[in-house]
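Subject: Structure for you to look through

Dear colleague,

I am passing on a structure that I would like you to open and read alongside these notes. Please keep it on screen while you go through them.

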Amino acid sequence: IGHIFYLTKHKSDDELWRFQVTRDDNLYILPNTENPDDPFYVKFLKEKQFMNEYKQRTGYPWLSHYPREPPILPMWPTDYIGQVHKVISNQSYWRCFPDDANDAD
């Protein structure tokens, strides 16, 4: 945190952009002054906006991929962070693959 980076064109000393790493940012986007409507650039601006809104709403930074696919496994509702659901099964513990080749005998 606090490190400063600057970008230049190859074999040039002309600084294009400078940024300082901060605790609250994990995505830095070089401004596109030549084509601000470029779809690739706009996509990253939307991602940055989402990250900022998520941080404001939750107090935590977004650390996953954006946009994230919806969950495919069933989800259980919770009433609070850290809630534990206990699952009981009539099946005993078993494993599919031996940890060691000697266990296969």
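Below I describe what was found, beginning with the confidence of the model and then moving along the chain.

This is a predicted model, in which local features need a pLDDT of at least 70 and side-chain atom pairs count only at pLDDT 80 or more, while totals for chains, interfaces and linings use all residues. Residues are numbered from 1 along each chain as its sequence is written, and side-chain values use heavy atoms, with hydrogens and water left out.

The chain has an average pLDDT (the predictor's confidence in each residue, from 0 to 100) of 88, and 92% of the residues score at least 70. Where pLDDT is low, the predicted coordinates should not be read in detail. Helices and strands here are DSSP runs numbered from the N terminus, a helix being H or I with at least four residues and a strand being E with at least two.

Leaving aside residues up to four places away in sequence, Leu16 touches Leu7, Thr8 and Lys9, a contact being heavy atoms within 4.5 Å. From C-alpha to C-alpha, Leu16 and Tyr6 are 7.3 Å apart in space, although 10 residues apart in sequence.

In the one between Lys55 and Asp24, the closest N and O atoms are 3.5 Å apart. Lys55 lies in helix 1 and Asp24 in the loop between strand 2 and helix 1, so this pair ties together parts that are 31 residues apart in sequence. Asp24 is exposed because its relative accessible area is 52%, and Lys55, at 27%, is partly exposed; the cut-offs are under 20% for buried, over 50% for exposed and in between for partly exposed, with a 1.4 Å probe and protein chains only.

The side chains of Asp25 and Lys48 also meet in a salt bridge, at 3.0 Å from N to O. This pair links distant parts of the chain, with Asp25 in the loop between strand 2 and helix 1 and Lys48 in helix 1, 23 residues apart. Lys48 counts as buried because its relative accessibility is 19%, whereas Asp25, at 28%, counts as partly exposed.

Arg18 forms a salt bridge with Glu15, and their closest N and O atoms are 2.8 Å apart. Arg18 is partly exposed, with a relative accessible area of 46%, and Glu15 is partly exposed as well, at 40%.

Finally, Gln83 lies in the segment after helix 1 and is partly exposed at 22% relative accessible area. From C-alpha to C-alpha, Gln83 and Thr33 are 48 Å apart in space and 50 residues apart in sequence.

Notes
A salt bridge is a side-chain nitrogen of Lys or Arg within 4 Å of a carboxyl oxygen of Asp or Glu.
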